[in-house]
Amino acid sequence: MCEICRRHFIRGAAALGTSGLFSSPLTAQTPNAGTSRLPSRGEFTIANAYVMTMDAALGDIANASVHVRNGEIIAIGRDVSSAGERIDGTGTIVMPGLVETHWHMWNTIFRSFAGDKAEDGYFPTVARFGQQMTSDDIFQSTRLSAAEAINSGMTFVHSWCHNVRSLPHAEADLRALSEAGIRARHSCGWPQGLPDTQSADQAPIEALAKNWKSWSNEGLITLGMGWRGQFRVGPIKPEVYQPEFDNARKLGLPITVHVASAAHRAINQIEPLYKGHLLGKDVQLIHALTATPAELDMIKESGASVSVSPGSELRIGYGYPQISEMLAKHIPLGISVDTSALTGNSNLFGVLKLARDSENARAENEFKMSARQALELGTIEGARSMGIDDRVGSLKVGKRADLIMINPNALNMAVVTDPAHLVLEATTPENVDTVVVDGRILKRGGKLTALDTSEVISGARTALAGIRERTKWR
Ligand SMILES: [Zn+2]
């Protein structure tokens, strides 16, 4: 988009945002305030579907039923009789909900805003306007993200919140996740614009940790720390980063950190973490694109997991993620959206397809990565990388009911051929008919049940208009 077109577009968008088409922003003030609007868990059976369990032993089961009661998978298979409400799954594909592993949901409000010139790029844009966000702006952005997540078949998201300007900013992110009813981790980070010479204020994360039960939405949401690490634009001093890391460990929280993106390819960033005892089972590394073979061994040895986001990594020019190399070393690996400011939409099926395609492109081999492997990264392997595979990520008796029903009876999915290839290569949010999180049906018949789509969109539009006004962003 040229600069003139861009300004024109922005003015148009601003006009839409102030046209009075929206309702007032929803401002819940207490923890778990949104839970009461969520549908009850109840009992139902999805009958006669093609079920992709993503469980190694169970595999795919045609003409199968899934019986769910009070949030738990009670029975699954061909000989399951219907109990509770019967949901006809004829002609549909049922599979676990997608597991997203790193997403700056707080900046979805800047969707597709990263421009074509250096000064309009992702980092300066997000830093400039992110510093003007109120807690309600965060709420609106995260709620928009959560609604899009559920609509497109994600049942778990990792809200990587690196714009915690105050405790209410973090609380706003949590309220939005709670109100949506999605399973999530909130990783509490630092405010945009914080100098690299200054440690992040630990008061917000400590306040959340102390009172976590009231924020966890009955255990659906867990808390972690979004850590700046040892390197951002340049090196960060130990007296700045070490107290942050130590505090996360003291609070017993998982830690997540961006590392080894292509901007500083010549500098090995993982080796110093390893040598400084800053890796472990409780640490998730984001990107790790330029990790050397020796550094991959260090990650493996430490037990750390990795999240890669080919949608943003390819878009911003970081290059290709090392998915095959990491899988070969059995490093726990998940796929992520990262940021809608770069990726436009957050359809994780599309990102998973990019993950498979980038592996095949690098190898110049049509068969390097299978469609099913890509879907595993988006379900059971992603869950393993987030430490939640004991509860979700596959469909199996005793697991929590996080599942989706895809209806391929549409122009972009007809007719059904190989299910794994079809699901990976053709699914769009419109094909996701039903989404269940912890036994609650949050999307049914193609419509969200707990969130009002027009309220979500108008709230985000109002928030963006406010940021534009405050920043004189024309
Ligand atoms: Zn990121």
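In this short talk I will go through the zinc site of the model and then the overall build of the chain.

This is a predicted model, in which local features need pLDDT of at least 70 and side-chain atom pairs count only at pLDDT 80 or more, while totals for chains, interfaces and linings use all residues. Residues are numbered from 1 along each chain as its sequence is written, and side-chain values use heavy atoms, with hydrogens and water left out.

Let me begin with the metal. The zinc ion is coordinated at 2.1 to 2.5 Å by His 102 (NE2), His 104 (NE2), His 258 (NE2) and Asp 338 (OD), where donors are N, O and S atoms within 2.8 Å of the metal (3.2 Å for Na, K and Ca), and the site may look incomplete because water is not among the atoms. Along the chain these donors follow the spacing H-x1-H-x153-H-x79-D. His 102 sits in the loop between strand 6 (98-99) and helix 2 (122-130), and His 258 in strand 10 (residues 255-259), so the pair ties together parts that are 156 residues apart in sequence; helices (H or I, at least four residues) and strands (E, at least two) are DSSP runs, numbered from the N terminus. His 102 and His 258 are both buried, meaning under 20% relative accessible area with a 1.4 Å probe, protein chains only.

Turning to the whole chain, there are 17 helices and 17 strands, and 57% of the 474 residues count as buried. The C-alpha atoms fill a box of roughly 65 × 55 × 50 Å, taken along the principal axes.

Technical notes. Buried < 20%, exposed > 50% of the residue type's maximum accessible area, 1.4 Å probe, protein only.
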